[in-house]
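Visitor: Please take a close look at the salt bridges with me, in careful steps, and then connect them with what else can be seen in this model.

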Amino acid sequence: MSISTSVLADLLKVLPDWRPQMYFKSSLIALSHAMEDQVLAGSSAPLVIATFQQERFYRQEAHRYRRIAEKSDQVYVLAAPETEFRNHSGDYETVAFAPTDALAQEWHLVVLGDSYATCLICREKSSPGDESTLGMDSNRRFEGIWTFERQVAQEAAGILLDRILRYRPELARKLAQAKQTYLGAFVKSQGGDESVETNPDPFVGRLVTYLQVSQYKLMKAYRAIAAQEKRERLIHLMTVAIRRSLNPEEILEVAVEKVGQVLGACRCLIYRCRATDTTATIAHEFLSPNVPSLQGITWPLTENPLFQTVITTNESAWVKDTHQDLPPTTSPEFRQLLTQWGIRSWLLVPVFYQERLLGIVELQHCGPRPEEWTSEEIGLVEAIANQVGVALIQAEAYAHLEDLNQQLAALDRTRSNLVAITGHELRTPLSTIQVCLESLSTEPDMPPELRQVMLNTALSDAERMRKLIQDFLTLSKLESGRVDWNPEPLALPECIDLGLSHIRARHNPQDLPQIITHLPENLPLIEADGEWLVEVLAKLLDNACKFTPHKGKITISAHPRDKRMLQVTVADTGRGIEPKRLETVFDRFYQEEGALQRTTGGTGLGLAICRQIIQRWGGMIWAESQGKDQGSSFHFTLPIIPSVETPPLKNKKRTTR
Ligand code: ADP
């Protein structure tokens, strides 16, 4: 059964002079409870009719109605059933109405006793807009009538009893009885002074309690909102700082200032550290006036009991009073340190990023009395520590990105260099070859000597191109690790001889400077790949020949550096290298004149290839020179094969041209 007419509307029809008022749900709860308490405190047996919008609201109050039923057998409870609520005659009468019934929107409580009458008849105002903005159930709004006036209560009771009869016709006799007992009383007591009969004390007492409770709840809510606001504001400040800067030091400075200020700490510290660090340096600090600074000092971590707790629990750690609450294992030296700096109440909050400790935010109170750390304060610092973690990681990522960018830029420079060199190196000999061949083919009458010159030029440029391409391929093979290494015991003099024969094959003997080999006796065998060692020697000798005038001198020497390594040197008296370029000459494509102005030929790859090879055997290669025109020495080391010695050399000193 579902009735669509509102009880409030019916009541207002019979009481046209009454205007409905607005009530919040919280006020109606307070009023209803006060009315129920009045029944429980009284001695008479009143008529009680209560309508709950839903069964769940009724269930919260069921225990009270069981007690109310002990006072009177005329108690009626109406509700829209959700689970087990149904029409039933028990301690009191329960009446189930359909959820579509108009009663599902209303809230009634009518109490009619001998000496008092109260009535509350309200209807919920549907205001979904309000509900969504306020979002609190206790703020649901109702409109209706609440009064002590007996006449109104009797009218309301009459309407409700008629309704109950329609839902539960079997109660006709009981309902008629109720009408007779309670509605007739109005006639009897009409003209009487009811306020004298009504005892408002329990009612008022109860109402005040409810008001107090509501006030307290409101206060708590305000406090929570204020704390939340403080937190949001601080986090916002941090977010702005992080957005504005990628400099972690700047961000940490903002964080330490704001946290210190907002929490009113004597000292706030932020320092970076890892879980395994034994000490940290205090880099960022906020200080209240007259508090001594800890900035720049080395802060012990291993002996710090709070830091150790943070590390083991991965959570914040704090003590209210360092005089009493530190673990007994804390060393006297550490206690002394806390006293020295006046640290009384102490909080350590870790800055984590994905379980990696990046640092600590530390708060200290230094007053004469210890201060408790509230959960809001700890939560706030933790929220900031989270932000700090993000900022530090972001800055770290940015720094990596910068590194990566620099590497990419270097790669790009190398690539451009490569393009320039290939362009120049390949195009130059190619054009020469082309000119020579064109001349040879278009001018059949060319004198044989000139013809020979043309052919020689074309051949030598073809050789230059071949060398360049070969060096590119060699270096790329070495750098990409595509070389099969098979080091074996080698006698250095033999490798030097092979290197020299390469040089002689490449250069006109008349153009070569004097080359002296200066090797000690009993030179140990070395462990290397013969072919590659000859390549290194040939390249160094080739350079020495290129950069040393015909009248100059090249010396090849070697001596054991220690038990493990043999040092080989190719020194010349040529044009020398500026001290600041001694390392750069090993860069790929480095040439003093620049790739495009070279006069000596070559690729700028020779020394880079040598370094790759020597390093592969665990050796080093470096250059020495006193500067321009002071000659250069290229040294490299090779691993010695232990205990095996070469037979003594017959010629200690040899000179070749
Ligand atoms: P390149 O094929 O140009 O010789 P390298 O890598 O062998 O390439 O050498 C790089 C640069 O180092 C040379 O262009 C030259 O400027 C400098 N260099 C190498 N060896 C010597 C040397 N013996 N004397 C002076 N400068 C040298």
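Guide: We will need a scale for how covered a residue is: buried means under 20% relative accessible area, exposed means over 50%, and partly exposed lies in between, with a 1.4 Å probe and protein chains only. The model is predicted, so local features need pLDDT of at least 70 and side-chain atom pairs count only at pLDDT 80 or more, whereas totals for chains, interfaces and linings use all residues. Residues are numbered from 1 along each chain as its sequence is written, and side-chain values use heavy atoms, with hydrogens and water left out.

The structure holds 26 salt bridges, each being a side-chain nitrogen of Lys or Arg within 4 Å of a carboxyl oxygen of Asp or Glu. One of them joins Arg163 to Asp101, with 3.9 Å between the closest N and O atoms. Arg163 sits in helix H5 (residues 150-167), while Asp101 belongs to the loop between strand S5 (93-96) and strand S6 (106-112), so this pair ties together parts that are 62 residues apart in sequence. Helices (H or I, at least four residues) and strands (E, at least two) are DSSP runs, numbered from the N terminus. Both partners are covered by the protein: Arg163 is buried at 3% relative accessibility, and Asp101 is buried with a relative accessible area of 1%. The pair also belongs to a network of salt bridges that links Asp10, Lys13, Asp101 and Arg163.

A second salt bridge is formed by the side chains of Glu463 and Arg466, at 2.6 Å from N to O. These two residues share helix H13 (residues 448-479), where they lie three residues apart, which is about one turn of the helix. Glu463 is partly exposed at 36% relative accessibility, and Arg466 is partly exposed too, with a relative accessible area of 41%.

Asp542 is buried, with a relative accessible area of 7%, whereas Arg506 counts as partly exposed at 41% relative accessibility.

A nonpolar core is a set of buried Ala, Val, Leu, Ile, Met, Phe, Trp, Tyr and Cys residues joined through side-chain atoms within 4.5 Å. The largest one has 53 residues, of which Leu492, Leu533, Leu540, Trp617, Phe636 and Leu638 touch the most other members. Helix H15 (residues 530-547) gives this core its largest share, nine residues. Apart from this core lies another, of 34 residues, which includes Ala80, Ile121, Val152 and Ala153. Returning to Trp617, and leaving aside its neighbours within four places in sequence, we find it in contact (heavy atoms within 4.5 Å) with Trp485, Glu527, Ala528, Asp529, Trp532, Leu533, Leu638 and Pro639.

Asp37 is placed in helix H2 (residues 25-41) and is buried at 14% relative accessibility.

Cys610 is buried, at 0% relative accessibility, and Cys436 is buried with a relative accessible area of 5%.

Finally, we can turn to the backbone. Most residues other than glycine have a negative phi. Asn314, although not a glycine, has a positive phi of about 60 degrees; this residue is found in the loop between helix H10 (305-313) and strand S13 (317-319), and Asn314 is partly exposed, with a relative accessible area of 42%. Asp629, also a residue other than glycine, has a positive phi near 60 degrees. Asp629 is found in the loop between strand S21 (621-625) and strand S22 (632-645), where Asp629 is exposed, with a relative accessible area of 56%.
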